[in-house]
Amino acid sequence: MEKKIKYIHVIINPAAGKDEAILPVINSAMKEAGIKWEGLITHKAGDGIEFAKAAVKEKVDAIAVYGGDGTVMEAISGMMGSDIPLVILPGGSANVMATELGIPMDLKEACALLAQGHLKKKPLDIGQFGKRYFITGISIGFEADMVQGANRGTKNKIGIFAYFISAAKALRKLKKVTYHIKIDGKEHEVQGLTCMIANTGNMGFSTISFDKHIDVSDGLLDVLVLRKATISLLNHMIVTMIKRERPENWELVKHWQGKEISVTSTPAQTVQCDGEVLKEMPVNIKIIPGAINVLVPKK
Ligand SMILES: [Mg+2]
């Protein structure tokens, strides 16, 4: 029997990206459920971390976050080491983690699940890159706008096939590099266009999981190297997504799993962590299995 939620802190990013009423929706759902709640409004980067730390000290029953992946990540950073469950109320323009966990994008629906107790705990792996934590993953060498999902609206309109054609075009512009990859002590050298280290199956450039084998609770990070931008790669990606199986074509995509990973490339490529462009190379990362308990829909 899980502990009944009676008192929560809700970290709210009012600039999250969705134009909607926030407080009345949360308030009426919590009132109905008899949950006492306190709202904490973020004003600048880092506020979410401090609010989450304070909530942990106060031993609240759950920490809810209204915002996008960035706000969720801040809350998680402040919650590391605590077993207080996290509730995601999707409010941002990018909600990759909520999508991955099957949390409804509608605030009212997400609040109702919490209010009616239709949520269950799920352990969530968190990635660590130097001093920072990440939830979705890291990509090396992929065009910034492809990953950041700047054209999400367009993508939804043009559909997934058109999207992959444009992704393939973007990939074709990339120059092949040599990746030096170390996974749990074992070294690999492979040529390719882009390298992705994924915690979630959908890494922000598609709302559909890139690969069903990628699991946020298996204690492993998935390392993928796309080797060629050919029409077969396009076909490979579509089959992976539509048929939910991975054609084992190692000429096109190399795939490994591991707990401690380091990647460098010659020549160096751009690195993105949770959609944010970083300069750091080499990429030295590890996974912290089940670092956070997140509440997800029971169904
Ligand atoms: Mg995993």
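Predicted model: local features only at pLDDT ≥ 70, side-chain atom pairs only at ≥ 80, totals over all residues.

Colleague: Okay, let's zoom out. How many helices and strands are in the chain?

Modeller: You'll find 8 helices and 16 strands. The chain has 299 residues, and 52% of them count as buried. Its accessible surface is about 14,000 Å², with 53% of that belonging to carbon and sulfur atoms. And if you take the contacts with a separation of 6 or more, 74% of them are between residues 24 or more positions apart.

Colleague: How do I read a single helix?

Modeller: Here's the general idea: an α-helix has 3.6 residues a turn, so residues three or four places apart point the same way. Now try helix α1, residues 23–33, where the buried residues are V25, I26, A29, M30 and A33. Viewed down the axis of α1, they fall within an arc of 115°, so they line one face of the helix.

Colleague: Which exposed residues sit on the face of α1 turned away from the buried side?

Modeller: Those are P24, K31 and E32. The cover over the buried residues of α1 includes β1 (7–12), β2 (36–41), β4 (86–90) and α5 (107–115). Just past α1, look for G34, which has a positive phi of about 70°.

Colleague: Is D69 buried or exposed?

Modeller: D69 counts as buried because its relative accessibility is 10%, and the cut-off for buried is under 20%. You'll spot D69 in helix α3, residues 69–79. Leaving out residues up to four places away in sequence, D69 touches A94, N95, V96, M97 and I135.

Colleague: Last one: how many disulfides does the structure hold?

Modeller: The general idea is that a disulfide is a covalent bond between the sulfur atoms of two cysteines. In this structure the count is 0.

Conventions
Residues numbered from 1 in each chain as written. Heavy atoms only, no water. Disulfide = S-S within 2.5 Å. Helix = DSSP H or I, 4+ residues; strand = E, 2+ residues; numbered from the N terminus. Buried < 20%, exposed > 50% of the residue type's maximum accessible area, 1.4 Å probe, protein only. Contact = heavy atoms within 4.5 Å. Areas by Shrake-Rupley, 256 points an atom, 1.4 Å probe, with all protein chains shown as cover. Arc of directions from axis to C-beta.
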